[in-house]
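Here is a guided look at a protein model for someone meeting it for the first time. Take a moment with the sequence and the picture before reading on.

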Amino acid sequence: MKSMKQSTDGKCHGFSDAFYGTATVGERGQIVIPAEARGDMDMNPGDKLIIMRHPIHKGLMLFKIDAMRSFLDDFAENLDRLESNKGEGDTE
């Protein structure tokens, strides 16, 4: 259901690439993640997901645990790099 196709490098390059369609909440609170989204995100039965409330807007965000761990590792690495360069070109 995405309105834009992926580029030849396989990465999404537009806001509309983030949309996969809709899901309906069932009586027991369950939703079905669209097949295209599961395929693109390499989600498989048994994968653990982190479910977070969006910090500003009324909505939820889903992340595979390994993807979140990778993001946090990259984030921490960049923080360490920035702290080690503190004072070089900083303006306060």
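What follows is a short tour, from the model as a whole to a few of its residues.

## What you're looking at

This is a predicted model, so to speak of a local feature takes a pLDDT of at least 70, and side-chain atom pairs count only at pLDDT 80 or more, while totals for chains, interfaces and linings use all residues. Residues are numbered from 1 along each chain as its sequence is written, and side-chain values use heavy atoms, leaving out hydrogens and water.

The score in question, pLDDT, is the predictor's confidence in each residue, from 0 to 100. The protein averages 84, and 79% of the residues score at least 70. Residues 1-7 are another story: pLDDT stays under 50 there, and the model has 17 contacts for them beyond four places in sequence (a contact means heavy atoms within 4.5 Å). Where pLDDT is low, the predicted coordinates should not be read in detail.

## The overall layout

There are two helices and two strands, and from the N terminus on they run α-β-β-α. Helices (H or I, at least four residues) and strands (E, at least two) are DSSP runs, numbered from the N terminus.

How much of the protein is tucked away? Of its 92 residues, 9% count as buried. Here buried means under 20% relative accessible area, exposed means over 50%, and partly exposed is in between (1.4 Å probe, protein chains only). The protein exposes about 8300 Å², with carbon and sulfur atoms supplying 56% of it; areas come from the Shrake-Rupley method with a 1.4 Å probe, and for residues only the protein chains shown count as cover. Looking at contacts with a separation of 6 or more, 8% are between residues 24 or more positions apart.

## A nonpolar patch

Val25, Ile31, Leu49, Ile51, Leu60 and Leu62 form a nonpolar patch on the surface, with about 560 Å² of accessible area together. Strands β1 and β2 are the elements that give two or more residues to this patch. Patches are made of residues with over 30% relative accessible area and no salt bridge, joining like charges within 9 Å and nonpolar side chains (Val, Leu, Ile, Met, Phe, Trp, Tyr) within 5 Å.

One member to pick out is Ile51, in strand β1. Ile51 counts as exposed because its relative accessibility is 55%.

## One salt bridge

A salt bridge is a side-chain nitrogen of Lys or Arg within 4 Å of a carboxyl oxygen of Asp or Glu, and by that rule the count is one. Lys64 pairs with Asp47, their closest N and O atoms being 3.5 Å apart. This pair links distant parts of the chain, with Lys64 in strand β2 and Asp47 in the loop between α1 and β1, 17 residues apart. Lys64 is buried at 12% relative accessible area, whereas Asp47 is partly exposed at 32%.

That loop, between α1 (35-40) and β1, also holds Asp42. Its phi is near 55 degrees, a positive value in a residue other than glycine. Most residues other than glycine have a negative phi.

The structure holds one aromatic pair. Phe71 and Phe75 form it, 5.9 Å centre to centre with 35 degrees between the planes, which makes the pair tilted. Rings of Phe, Tyr and Trp (its six-membered ring) pair if their centres lie within 6.5 Å; planes under 30 degrees apart are stacked, over 60 edge-to-face, and the rest tilted.

Both residues lie in helix α2 (residues 65-84), four residues apart, about one turn of the helix. Phe71 is partly exposed at 48%, and Phe75 is partly exposed at 46%.
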